[in-house]
Amino acid sequence: MKNYLLHLDDKLLAVIRRIGKESEKKQFSAYIVGGIVRDIILKRKNCDLDIVVEGDAICLAKVLGRKWSGKVTVYKKFGTASLKTSKGLCVDFAMARRERYAHSGALPAVRPGNLKEDLRRRDFTVNAMAIAINPGCFGWLVDEFGGLKDLSKKTIRVLHKQSFIDDPTRILRAVRFEQRFSFRTEKQTLLLMKAALRKKLPSNVKLPRYFAEFKKILCEADPLKCLKRLHQLDRFHFLDSKLKVRVRNLSLLHQRIQKARRKPLYGQGNWWLIYFLGLLGEADDRVVKRVLMKFPFTKNERISIQQSRKSSDIIRKLLVSNLCSSQVFRILRPLTKEAIYYLRVLSFRAIISRRIDRFLAYDNQVKLCINGEDLKKIGVAAGNRMGKILEDILCLKIDKKISSKREELKAARLSLMNN
Ligand code: CTP
């Protein structure tokens, strides 16, 4: 039997061997399952180690947690546990289970089962393989549903006809895997997927769950491919039936995002949200209002969406000639990082890019030497007025009109006298 684990790096291999040995000692059978198996076969990097145990998964996680001085979080109700080792590796343990869906889109009821039943409940054949890790069969592939053949044929295929009905989030997953790996969705699977969309089954899923899966698409290395495919299949109706998206504009935005992301200045950011702002770019206010009400955005995401609606106005302000640095600062400072990034990729004008880059790299980093306490000492009470004085002094510093603490205090006194 071929050992599928031999080419893994030594550290990961040692961890897996140890899990297998402990499982054997307890007379359990442990397997690596899901996406990591697919990626091991494709020789793609994946550090999400998911272990299914025929036996007590929580007990196994606890034993290993003690051995590795790791932190174990137990989800007793689901028979699962997460182990974070002191070296930062995360391993998820779950008992082998079978599932039943009470209705389309519901969370499944789970009962203990064996490995085959656990694999049968999964989304696609390529994600329904396991690799045994107990010592006697270490590295052996368990492929009950033809996953290996589908991987070699670059095919996404569901395991049974009910798959998209049981769990309509799999429509988004199919698109994500199809586009990520440049696979094709098998004919029957595609028909089932289109039928589920025609019947509007995604609306059966709780919105936060559906949105979480959509967010994964926007977090892909190349979301544009997935977005084009989704547009072709569904026109983003799950976001709002009146949402109009022009693929050409999305493509332009994508190109500009890719270019900006290569710059160290823009390395860190919630880029998924910038794609989302782009999707809403041509929507009218009523659509945006509905989307904001429908989905579980964080406060920062909500503000970014609202601010992005004013992008054209802000760009107009930023285009005014002879703006000094502090004027740009005053325009951009109230905006979230994502709203600023969005402006940066939305505008084609070099002057806008230059001004935003300068703001992010320098002006937004400028700090005052004085603070509220210093102002109190010269008689300014805490409150809006203090905030305004501090901002005015900061602007003087950004424009390089002052630099030392002494000059800052002098400017504060002057401002106090004039206001
Ligand atoms: N799974 C499923 N149906 C879902 C979600 C997940 O059957 N709706 C199963 C699949 O076997 C999947 C595994 O759970 O491989 C792990 O899910 P997840 O971590 O979401 O996906 P990965 O396949 O690991 O994908 P990625 O590489 O994006 O992490």
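1. Basis. In this predicted model, local features need pLDDT of at least 70 and side-chain atom pairs count only at pLDDT 80 or more, while totals for chains, interfaces and linings use all residues. Residues are numbered from 1 along each chain as its sequence is written, and side-chain values use heavy atoms, with hydrogens and water left out.

2. Helices α11 and α17. The axes of α11 (residues 247-261) and α17 (residues 337-346) come within 9 Å and cross at roughly 115 degrees, where helices are DSSP runs of H or I with at least four residues, numbered from the N terminus, and axes are lines fitted to C-alpha atoms over the stretch in contact, with angles from 0 to 180 degrees between N-to-C directions. The two are therefore roughly perpendicular (under 35 degrees counts as roughly parallel, over 145 as roughly antiparallel, 65 to 115 as roughly perpendicular and the rest as oblique). On the side of α11, L253, R256, I257 and A260 meet Y342, R344, V345 and L346 of α17, contact meaning heavy atoms within 4.5 Å. By class, this contact has six nonpolar, no polar and two charged residues (Ala, Val, Leu, Ile, Met, Phe, Trp, Tyr, Cys and Pro count as nonpolar, Asp, Glu, Lys and Arg as charged, and the others, Gly among them, as polar).

3. Helices α12 and α17. Helix α12 (residues 271-279) packs on α17 at about 60 degrees, with the axes 9 Å apart, and the pair is therefore oblique. W271, L273, I274, L277 and G278 of α12 make the contact with E338, Y341, Y342 and V345 of α17; these residues divide into seven nonpolar, one polar and one charged.

4. Helices α16 and α18. Here α16 (residues 325-332) and α18 (residues 350-361) pack at about 85 degrees with their axes 10 Å apart, which makes α16 roughly perpendicular to α18. S325, V328, F329 and L332 of α16 meet R355, I356, R358 and F359 of α18, and the classes are five nonpolar, one polar and two charged.

5. Ligand surroundings. The ligand is surrounded by 15 residues, of which the closest are R38, D123, D167, R176 and R180, a residue being near if one of its heavy atoms lies within 4 Å. Among the polar contacts (pairs of N or O atoms within 3.5 Å), a polar backbone atom of D123 is 2.7 Å from a ligand oxygen atom. A polar side-chain atom of R122 lies 3.0 Å from an oxygen atom of the ligand, and an N or O atom in the side chain of R173 is 3.0 Å from a ligand oxygen atom.

How values were computed
A polar contact is a pair of N or O atoms within 3.5 Å; within protein, one must be able to donate a hydrogen and the other to accept it, and residues adjacent in sequence count only if both atoms are side-chain atoms.
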